[in-house]
Amino acid sequence: MKIIKKIKNNVAIALDGRGKELIVFGKGIGFPKIPYELTDLSKVERTFYDIEPQYYGLLQELPEDIIRVASKMVLRIKNQVAKNLNPNLVFILADHINFAVERARKGLDISLPYSYELEYEQPGITKLAAFFVKNIGKRYQVFLPKGEITSITMHILNAMEGTSGKLEEKESSGVIIRKVTEIIEEHFDIQIDKESFNYFRFKNHMKYFVDRKSRKEEFTDQNQELYDSMRKSYPETYACVLKINEYITEIFHERCSSEEMLYFIIHVNRLYMKEGLLP
């Protein structure tokens with residue numbers, strides 16, 4: 001195995017004996033001068049194949065323990081669901097868990113709704129997601145709201161082959177995401193790098209929002225104080241989100257709740273901070 005690029009001290013990109021690229025985790029695997037030939041394969045703790053390059057940047061941000069937790073979750077999903085999964089699921093879950101834990105520790109409690117409809121449609125996956133949420137809360141000593149069960153359930157369903165929805169629904173979601181992106185670019189007079197991981201992450205959150213909106217699962221208005229604080233702290237982002245709200249209202253024929261507006265403020269702001277467009 002040839003190590004070709006360091007990501008962190010314990011994470012690197014490698015080529016296996018067939019020349020196929022993979023991500024490798026192992027203690028000190030990124031220390032030696034790169035490139036080099038790794039002959040002692042006992043140093044390899046875990047490997048990930050077929051990961052989209054957009055996720056490589058995420059590996060520099062995520063705590064390794066979060067990735068370990070997500071890896072165990074994916075193994076359990078494969079054992080219990082018995083489906084072929086999108087290989088990126090481990091990092092999608094890791095990113096989601098990390099952000100959920102960060103929000104909980106900072107007191108940014110966005111009360112995402114729990115879907116009883118989804119529980120009825122997918123009882124096995126929902127039960128598994130509930131197990132994950134309970135154990136994540138214990139491991140990191142945070143309170144995760146019940147809505148996180150639905151969030152993880154949807155991530156699993158999206159990663160399962162043949163369960164990502166009808167073509168028309170995919171196309172509709174794509175159109176909405178592109179339009180919201182245009183609104184952001186026009187408002188701030190910038191060009192977003194569509195190939196960056198930060199934008200890829202933003203699109204995932206937008207898809208999640210559109211999925212829930214399409215299912216008529218509304219966010220509850222329980223964070224008025226936080227919403228007021230965020231819109232005052234980030235007036236330009238809030239002005240942009242007002243434009244997004246106007247567009248969303250045209251599509252779904254109802255205005256966003258303050259909780260949904262807060263969701264947009266957080267994710268638009270996060271995109272800009274990660275891309276270095278905001279101070």
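Residues are numbered from 1 along each chain as its sequence is written. In this predicted model, local features need pLDDT of at least 70 and side-chain atom pairs count only at pLDDT 80 or more, while totals for chains, interfaces and linings use all residues, and side-chain values use heavy atoms, with hydrogens and water left out.

Student: How many helices and strands does the protein chain have?
Tutor: Helices (H or I, at least four residues) and strands (E, at least two) are taken as DSSP runs, numbered from the N terminus. Counted in this way, the secondary structure of the protein chain comes to 11 helices and 5 strands.

Student: In what order do the strands form the open sheet, and which of them stand at the edges?
Tutor: Two strands pair if DSSP finds at least two bridges between them, and strand E2 (residues 11-15), for instance, is joined to strand E3 (residues 21-25) by 5 bridges. The pairing in the sheet is antiparallel, and the order is E4-E1-E2-E3-E5. Because each has a single partner strand, one side is left without a neighbour in the sheet for both edge strands, E4 (36-37) and E5 (46-49).

Student: Is histidine 155 buried or exposed?
Tutor: Histidine 155 is placed in helix H6 (residues 147-159), and, residues up to four places away in sequence aside, it touches Leu89, Ile92, Leu93 and His96, where contact means heavy atoms within 4.5 Å. Buried means under 20% relative accessible area, exposed over 50% and partly exposed in between, with a 1.4 Å probe and protein chains only. Since its relative accessibility is 15%, histidine 155 counts as buried.

Student: Which helix has the lowest mean pLDDT among the elements of the protein chain?
Tutor: The predictor's confidence in each residue, from 0 to 100, is its pLDDT, and the mean for the protein chain is 87. Among the elements, helix H5 (residues 123-140) has the highest mean, 96, and the lowest, 81, belongs to helix H7 (residues 167-188).
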